[in-house]
Amino acid sequence: GDWAQALHLVNSMTSHGLRPSLIAYSAAISACEKGEQSVCALELFRQLKGLHLEPDTLSFGAAASACAKGQRWIAVLELLDNMATVGIKSDAVVFNAAMGKAAHWSQALAILGMTSERRVT
C-alpha cells in the first residue's frame with residue numbers, strides 16, 4: 001500500500017545520505033496512519049525526533065491517530081502529553097481523531113480529560 005511506499009521512500013533517502021524533511025516524515029506517518037500501521041508510524045516519529053527535527057501538530061496528530069487505530073492507548077496518551085510538553089498547542093482535530101478510535105469508555109475519558117486540562121479549542 002501507500003504506507004509501504006512512503007516508508008521505503010524515507011528509508012531510501014536516509015540510506016543515500018539524504019536527510020528527509022519534517023514534511024517527508026509527516027507524510028509518511030500520515031500514510032502509515034491511513035494504512036493502519038501504528039508500529040511503522042511510531043518508528044517514523046521516533047526517527048524524526050532522533051534527527052532533531054521538531055515534530056509539529058500534523059506529525060503528532062498523525063502518529064496519535066495511527067496509534068489510536070492500532071489500539072495503542074498508552075502511546076496515544078504519551079504523544080498527546082508530549083505535544084504539551086514541547087509547547088505545541090493541540091487542537092480539537094487531534095483529540096477527536098484519537099477519541100474517535102477509542103474502543104472503551106475509559107480510553108475516551110482519559111483523552112477527554114487531557115482536552116480539559118489543556119483547554120483545547
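At what angle do helix α2 and helix α3 pack, and how many Å apart are their axes? The tour of this predicted model reaches that pair after a view of the whole chain.

**Whole chain.** Display the protein as a cartoon. It contains seven helices and zero strands, so the order of elements from the N terminus is to be read as α-α-α-α-α-α-α. Of its 121 residues, 40% count as buried. Among contacts between residues at least 6 apart in sequence, 63% join residues at least 24 apart.

**Helices α2 and α3.** Next, select residues 22-34 for α2 and residues 38-50 for α3. The two helices pack at an angle of about 165°, and their axes lie 8 Å apart. This angle makes α2 roughly antiparallel to α3, since angles over 145 degrees are classed in that way. Their crossing is left-handed.

**Helix α5.** Move on to residues 73-85, the 13 residues of α5. From first C-alpha to last, the helix reaches 18 Å, close to the 18 Å expected at 1.5 Å a residue. Colour W73, A75, V76, L79, L80 and M83, which are buried. They cover an arc of only 165° around the axis, and therefore lie on the same side of α5. In general, an α-helix has 3.6 residues a turn, so residues three or four places apart point the same way.

**After α5.** Finally, select G87, which follows α5 and has a positive phi, near 85°.

Technical notes: Residues numbered from 1 in each chain as written. Predicted model: local features only at pLDDT ≥ 70, side-chain atom pairs only at ≥ 80, totals over all residues. Heavy atoms only, no water. Helix = DSSP H or I, 4+ residues; strand = E, 2+ residues; numbered from the N terminus. Expected span 1.5 Å × (residues − 1). Buried < 20%, exposed > 50% of the residue type's maximum accessible area, 1.4 Å probe, protein only. Arc of directions from axis to C-beta. Axes fitted to C-alpha atoms, helices over the stretch in contact; angles between N-to-C directions. Parallel < 35°, antiparallel > 145°, perpendicular 65-115°, else oblique. Left-handed = near helix turned anticlockwise from the far one by under 90°. Contact = heavy atoms within 4.5 Å.
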